[in-house]
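Subject: Handing over a structure

Dear colleague,

I am passing this structure on to you, and my notes on what was found in it follow below. Please read them with the structure open beside you.

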Amino acid sequence: MRIWFLCKVKYAKENEEGLLKSISEQYLVDAVSFTEAEAILYDRLGSQIRGDFQVTGISKSNIVDVFYYEDADIWHKCKITYLIADADSGKEKKVTQFMIVTAEDIKQAYDRIQESLSNMLVSFRVPDITESPIVEVFPFEKDEVAEQLPPGNFRPVNEVEQE
């Protein structure tokens, strides 16, 4: 199961006056482990950041879904709540989840999360939306895994079992 990891990266960035200033940024990475999250960061940021950078922290995030819209670059964290029936006791249970969406402002983030979740079978509420410090999100990309495989005659397991 893949998990979203919140990663903090520190590096020196040149400001308008030409002076180097140490800054810290947050990234969200879809990975299966802390090690893979760090490897993805070094792979992706190595070409984006000039000079050295350091991963100063990696933690599992409470984000369950990401909705990306190309026309905006500000990430907003949305708190979603809904009620489900507990199968054992039959009582209703309140579920809270966090999702992020790109939008220019909070109103647009609310509209986009409503649109993105419109196919949910239960009614939900959006009690909180905040602008997130996340700079960029690195989702899982299937092509990257294929590139890492050594050359060979690879076939799906079910084809081999049928023989």
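Contact, as I use the word here, means heavy atoms within 4.5 Å. Please bear in mind that this is a predicted model, in which local features need pLDDT of at least 70 and side-chain atom pairs count only at pLDDT 80 or more, while totals for chains, interfaces and linings use all residues. Residues are numbered from 1 along each chain as its sequence is written, and side-chain values use heavy atoms, with hydrogens and water left out.

The protein has four helices and eight strands, where helices (H or I, at least four residues) and strands (E, at least two) are DSSP runs numbered from the N terminus. Starting at that terminus, the order of the elements is β-β-α-β-β-β-β-α-β-β-α-α. Of the contacts with a separation of 6 or more, 64% are between residues 24 or more positions apart.

Four of the strands form an open sheet of mixed pairing, in the order E3-E1-E2-E8; two strands are taken to pair if DSSP finds at least two bridges between them. Its edge strands, E3 (53–60) and E8 (134–138), each pair on one side only. Strands E1 (residues 3–14) and E2 (residues 20–31) are joined in the antiparallel sense over twelve bridges, and Trp4 has Asp30 in E2 as its bridge partner.

Helix H1 (residues 34–45) lies across E1, E2, E3 and E8, and runs at about 145 degrees to E3; axes are lines fitted to C-alpha atoms, for helices over the stretch in contact, and angles run from 0 to 180 degrees between N-to-C directions.

Leaving aside neighbours within four places in sequence, Phe67 is in contact with Trp75, Met99, Ile100, Val101, Thr102, Ile113, Ser116 and Leu117. Leu117 is 50 residues from Phe67 along the chain, and their C-alpha atoms are separated by 9.9 Å.
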